[in-house]
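Here are my notes on the model, in the order I'd walk through them with you. Have the viewer open while you read.

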Amino acid sequence: MAGTDGFDYRHLDVRVEGEVARATLNRPGSLNALDTLLVTELRDFFSRLASRPDIRAVVLGGAGRAFCAGADLKERPLGEAARSVADVLAQQRSIRDVMLAMRRCPQPIVAIVQGAASGGGFALALAADVRLATPDARMNAAFIRIGLSACDVGVSYFLPRMVGSSVASELMLTGRFLDAQRALVLGLVSRVAPLDELRVEAESMVADMLLASPLGLRLTKDALGLSLDAGSMETVIAMEDRNQVLCAVTEDFREAKAAFVEKRAPRYRNR
Ligand SMILES: C/C=C/C(=O)SCCNC(=O)CCNC(=O)[C@H](O)C(C)(C)COP(=O)(O)OP(=O)(O)OC[C@H]1O[C@@H](n2cnc3c(N)ncnc32)[C@H](O)[C@@H]1OP(=O)(O)O
């Protein structure tokens with residue numbers, strides 16, 4: 001039975017069913033542009049996930065024909081003369097903090113990108129752990145097309161690491177759209193299919209993730225984050241060692257081995 005489970009928002013629709021939260025940006029009239037309320041709700045949602053071990057995975061999508069068109073340019077137009085640098089910085093940081101909360105929350109996030117993912121919307125997609133795209137998906141560093149720097153809200157961190165410096169430079173310097181097929185070839189998205197099929201694929205992917213022990217899944221997301229972050233192989237390998245020791249001493253690991261021998265599914269207790 002799905003419910004909001006305490007995540008009662010206006011611009012973000014959250015449904016929790018079992019161990020999975022499905023979050024949908026819900027401002028289809030403006031292509032789910034990030035207004036102040038939506039940003040606040042996204043930040044609240046992803047921050048609160050840290051204290052919700054009962055929720056083990058998130059599927060993130062957008063209502064209507066787009067994933068997210070980035071910062072809401074109509075709510076408080078960027079470049080408005082009366083705004084102070086401090087004001088602009090505060091708005092900037094609020095969107096950046098959503099991206100950080102997505103990276104820090106222990107649950108893996110599968111993003112379903114349909115239609116446009118522009119500017120801050122592109123950043124949200126990049127901050128997810130896995131991306132699936134509809135055939136009409138198109139993503140761009142829109143910032144550069146409206147007089148801003150394309151190095152914003154994590155895009156200059158994620159994109160070169162994910163697609164390489166050369167393609168990232170092209171996309172960020174031109175603001176050109178990356179279409180679904182090219183994103184698939186570049187490995188930026190894992191699958192391209194119509195929305196209905198992607199929803200099924202997301203469920204199946206999450207179901208496979210939930211086969212992992214709670215600790216194993218959480219530490220895998222941690223280590224993948226560090227791997228993207230750290231330049232040093234030694235640092236990443238040390239983290240792998242530490243994580244594996246932590247998992248190997250759990251009751252869940254003993255249970256998984258017993259379940260394998262007894263040819264049954266493991267019953268994890270997060271211990
Ligand atoms: C820290 C973060 C910073 C940033 O994110 S900076 C980047 C901000 N974002 C952008 O610059 C992208 C702006 N939007 C667009 O370029 C286009 O849209 C798209 C490519 C995303 C989609 O184009 P199409 O499919 O032709 O749709 P449409 O007719 O342009 O938009 C449909 C309705 O959605 C509104 N809308 C679109 N993007 C935004 C936005 N970012 N803020 C507020 N409203 C937006 C439009 O105005 C329009 O509305 P109406 O039907 O009433 O004319």
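1. Let's start at a ring with a charge on it: Arg138 lies over the face of Phe177, 4.7 Å from the ring centre. The rule for that call is NZ of Lys or CZ of Arg within 6 Å of the ring centre and within 35 degrees of the ring normal. Phe177 itself is found in the loop between helix H5 (165–174) and strand E8 (178–179), and at 33% relative accessibility it counts as partly exposed. Phe177 and Arg242 are 65 residues apart in sequence and 40 Å apart in space, C-alpha to C-alpha.

2. Some housekeeping. This is a predicted model, where local features need pLDDT of at least 70 and side-chain atom pairs count only at pLDDT 80 or more, while totals for chains, interfaces and linings use all residues. Residues are numbered from 1 along each chain as its sequence is written, and side-chain values use heavy atoms, with hydrogens and water left out. Buried means under 20% relative accessible area, exposed over 50%, and partly exposed in between (1.4 Å probe, protein chains only). Helices (H or I, at least four residues) and strands (E, at least two) are DSSP runs, numbered from the N terminus.

3. Now the aromatics. Rings of Phe, Tyr and Trp (its six-membered ring) pair if their centres lie within 6.5 Å; planes under 30 degrees apart are stacked, over 60 edge-to-face, and the rest tilted. By this rule there are four aromatic pairs. Phe7 and Tyr9 have ring centres 6.4 Å apart and planes at 40°, so that pair is tilted. Phe7 is buried at 1% relative accessible area, and Tyr9 is buried too, at 18%. Ring pairs join Phe7, Tyr9, Phe45 and Phe46 into a cluster.

4. On to the ligand. There are 24 residues around it, and Arg65, Ala69, Ala71, Lys74 and Gly120 come nearest; a residue is near if one of its heavy atoms lies within 4 Å. The shell divides into twelve nonpolar, seven polar and five charged residues. Helix H2 (85–104) and strand E5 (116–118) each supply at least two shell residues.

5. The protein covers 68% of the 980 Å² of accessible area that the ligand has on its own (Shrake-Rupley method, 1.4 Å probe; for residues, only the protein chains shown count as cover).

6. Gly120 also belongs to helix H3, where it is among the buried residues. Eight of the eight residues of H3 (residues 120–127) are buried, so the helix is largely enclosed by the rest of the structure.

7. Have a look at Arg56, in the loop between helix H1 (36–48) and strand E3 (57–62). Is Arg56 buried or exposed? At 9% relative accessibility, Arg56 counts as buried. Its side chain reaches the backbone oxygen of Leu210 at 3.4 Å and that of Ala212 at 2.7 Å. Polar contacts here are N or O pairs within 3.5 Å; within protein, one atom must be able to donate a hydrogen and the other to accept it, and residues adjacent in sequence count only if both atoms are side-chain atoms.

8. Last, the backbone. Leu31 has a positive phi of about 55° although it is not a glycine.

How values were computed. Nonpolar A, V, L, I, M, F, W, Y, C, P; charged D, E, K, R; others polar.
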